[in-house]
Amino acid sequence: MGDHGCSGNLPPGFVFSPTDEELVLHFLHRKASLLPCNPDIIPDLGLYPHDPWQLEGKALSSGNQWYYFSQVMENQVTENGFWKSLDTEEPIFSSAGKKVGLKKYLVYCIGAEGVETSWMMQEYHLCNSKLSGTSYKRKQKLDCHQWILCRVYEREGSCIQNVGNTTDDDDGTELSCLDEMFLSMDDDLDDISFPN
């Protein structure tokens with residue numbers, strides 16, 4: 001199995017960039033069918049939900065995305081927050097046009113009050129129906145409900161929303177991280193004197 005925690009176990013120049021169909025058919029279906037997957041690069045993180053920043057060194061990383069298998073959980077509470085479902089689902093179709101899976105979206109929330117962060121998760125689920133084109137010498141029991149494949153990433157240009165930081169002049173416009181940094185520097189610039 002080797003060291004799954006980083007892309008260091010991949011050949012130089014290798015970028016793991018699978019399609020949704022490949023994640024479902026080549027990786028998740030084989031995991032649920034107890035079939036070997038070559039290369040075996042996506043680790044199984046079991047039942048314990050992780051904070052997104054804890055995935056480095058544990059999940060397969062490729063760019064700014066982390067991949068891992070998990071068992072299906074109803075409550076995804078972590079040490080510092082929880083993963084909240086966005087009630088958004090997308091069907092995943094094979095190249096032959098058959099529905100083979102489902103992609104669900106979740107956002108990571110910090111604390112009991114549930115402050116949304118820029119961390120997102122895509123959960124890949126298998127369909128209940130048998131997948132076509134999977135003929136093997138021996139029949140494998142396929143447990144569609146036990147395993148999911150997770151892709152975690154951080155949205156670019158997003159900051160943690162400020163809760164309780166409302167002012168009367170707030171027009172509802174969200175600022176990017178850079179905007180907030182420059183606005184905070186604006187106060188410091190008033191104290192700086194420049195030579196004439």
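# A buried cysteine and its surroundings

With a relative accessible area of 0%, C109 counts as buried; here, buried means under 20% relative accessible area, exposed means over 50%, and partly exposed is in between, using a 1.4 Å probe and protein chains only. This is a predicted model, where local features need pLDDT of at least 70, side-chain atom pairs count only at pLDDT 80 or more, and totals for chains, interfaces and linings use all residues. Residues are numbered from 1 along each chain as its sequence is written, and side-chain values use heavy atoms, leaving out hydrogens and water.

**The overall picture**

- You'll find 2 helices and 6 strands in the protein; helices (H or I, at least four residues) and strands (E, at least two) are DSSP runs, numbered from the N terminus.
- Read from the N terminus on, the order of the elements is α-β-β-β-β-β-β-α.
- The protein has 196 residues, and 37% of them count as buried.
- Take the contacts (heavy atoms within 4.5 Å) between residues at least 6 apart in sequence: 67% of them join residues at least 24 apart.

**Cysteines**

- Like C109, which is buried at 0%, C127 counts as buried because its relative accessibility is 12%.
- How many disulfides does a search of the whole structure find? The search comes back with 0, where a disulfide would be a pair of cysteine sulfur atoms within 2.5 Å.
- In general, a disulfide is a covalent bond between the sulfur atoms of two cysteines.

**Strand β4 and its neighbours**

- Strand β4 (residues 99-110) is mostly covered, with 9 of its 12 residues buried.
- On one side of the pairing story, β4 runs antiparallel to strand β3 (residues 81-93), and 10 bridges join them. Two strands pair if DSSP finds at least two bridges between them.
- β3 and β4 make a hairpin with 5 residues between them, and G97 in the turn has a positive phi of about 90°.
- β4 also pairs with strand β5 (residues 115-126), again in the antiparallel sense, over 9 bridges. Here I110 stands opposite V115 in β5.
- This second pair is a hairpin too, with 4 residues between the strands, and its turn holds G111, which has a positive phi of about 70°.

**Helix α1**

- Which residues of helix α1 (residues 20-32) are buried? They are L23, V24, F27, L28, H29, R30 and A32.
- Those buried residues pack against β2 (65-71), β3, β4, β5 and β6 (147-154).
- As background, an α-helix has 3.6 residues a turn, so residues three or four places apart point the same way.
- Just after α1 comes L34, which takes a positive phi of about 60°.

**Aromatic rings**

- There are 5 aromatic pairs in total. The rule covers rings of Phe, Tyr and Trp (its six-membered ring), which pair if their centres lie within 6.5 Å; planes under 30 degrees apart count as stacked, over 60 as edge-to-face and the rest as tilted.
- One of them is W53 with Y108, an edge-to-face pair at 5.6 Å centre to centre with 90° between the planes. This pair links distant parts of the chain, 55 residues apart: W53 is in the loop between α1 and β1 (60-62), and Y108 is in strand β4.
- W53 is partly exposed at 41% relative accessible area, whereas Y108 is buried at 0%.
- The W66 and W119 pair is tilted, because the planes sit at 55°, with the ring centres 5.9 Å apart. W66 in strand β2 and W119 in strand β5 are 53 residues apart, so this pair also links distant parts of the chain.
- W66 is buried at 12% relative accessible area, and W119 counts as buried at 12% too.
- F16, F27 and Y67 form one aromatic cluster.
- K31 lies over the face of W147, at 4.5 Å from the ring centre. A charge sits over a ring if NZ of Lys or CZ of Arg is within 6 Å of the ring centre and within 35 degrees of the ring normal.
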